[in-house]
Amino acid sequence: MLTFSRNKLVSIYRKDDHTLCARGILEDDIYGMEMDVTVTLSGMEISAVRGKWIRMENSECPRALPFLQEAVGFCVTEPDFAQKVQKTVGRKSCRHFANILLECCEAAREAAALIDTGPAAGDTVSSPVDASSAVPPKAPAHREQKPQVKNPAKRSSREGLIIDLHVHTSEASPCSSAPLKDLVEEAKRIGLDGICLTDHNHVWDAATVAVLREKHDFLILRGNEISTDQGDMLVFGFDADIQGIIQLPDLKEQVVKSGGFIIAAHPFRGFLTFGIGQLGLTPEKAMARPLFQHVDAVEVLNSKVSEKENRFSSQVAEGLHLPQTGGSDAHEVEEVGIYATRFFDTITDEGEFLTALKQGDYKPVAFRKTMT
């Protein structure tokens, strides 16, 4: 049987008071490449980019390297940043380099937001708990009995339904290489019960997704990963088309009016790579961050961050008594289901999904590691 694997890793560190440095690595069965990106803290502009081939498809590949320099001067926080990278680096250089560049810059943007919140240096982070052992909120005493979702991977109510709450498609996220059809097929193959389409600042049409749900005989739900001044948010039950970066309190106000739900996505991505002495972020200080006043739950299992960062997120969520979720943050087909969320309510459509989120009867799970 033919197989294909791809690994992508991004790390970030603070070079000095004015500069962040990110390193991205991509390895698959065809390519091997590295990228180093320098971003200024003052203007969040790319000041330097260096790409390196470790393994390439053919002798033409090195010609892509000079075009990486066209990204120098791009502002990471501009609303059309991703589109500019895809139009320049993606088309002139290499789409794989473009994807790594976007990942590096997203990590830099979130790290800069953490620095802006300004905890004092010199503190230590206490040993966080394991997110997989977190106790979910107490389940309601009685639940309405509803018909099971039509799905080949049905489970009993005791086992719950397992849904990947954080998935990106190549159709709607410039940084994703995963077609929706392939994501669904892979999700079904490994035994997931559903996936949520959470493309970056993109609103999927409800009728289109309903057709896809029926076509694939699989639970496909809509969401949106929205960029805010305090990090990325997974938003459900909210159809407004938000472009660029929105103030989190403004987003919260709009989501409340629509009856929606906000999950803080990978809230501490990149912060442990700075070193504890530089950030000094303890769980107690993290709990005081303003963003947690405006979210309904916290993503504590995400495949694009370190285990330490996931555990730290879990400790903060527990301290604030906020529900905890898991999602793969898949940008490649083989990443879907790495992490997911187990629900103990019956979910057959978006209305039931939103109700289940608000009831809080779920927990994050490391799914793919145990199922494949």
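Visitor: Across which strands does helix H8 lie, and at what angle does H8 run to E11?

Guide: This is a predicted model, where local features need pLDDT of at least 70, side-chain atom pairs count only at pLDDT 80 or more, and totals for chains, interfaces and linings use all residues. Residues are numbered from 1 along each chain as its sequence is written, and side-chain values use heavy atoms, leaving out hydrogens and water. Helices (H or I, at least four residues) and strands (E, at least two) are DSSP runs, numbered from the N terminus. Helix H8, residues 307-320, lies across E11 and E12, and its angle to E11 is about 155°.

Visitor: Which strands stand at the edges of the open sheet, and why is one side of each left without a neighbour?

Guide: The open sheet has 5 strands with mixed pairing, in the order E8-E9-E10-E11-E12.

Visitor: What is the average twist from one strand to the next?

Guide: Axes are lines fitted to C-alpha atoms, and angles run from 0 to 180 degrees between N-to-C directions. For this sheet, the twist averages 40°.

Visitor: Which residue in E4 is the bridge partner of Thr38?

Guide: Two strands pair if DSSP finds at least two bridges between them. E3 and E4 (residues 46-55) run antiparallel, joined by 8 bridges. The partner of Thr38 is Ala48.

Visitor: How many residues of E3 are buried?

Guide: Buried means under 20% relative accessible area, with a 1.4 Å probe and protein chains only. Strand E3 spans residues 32-40 and is mostly covered; the buried count is 8 of 9.

Technical notes. Buried < 20%, exposed > 50% of the residue type's maximum accessible area, 1.4 Å probe, protein only. Contact = heavy atoms within 4.5 Å.
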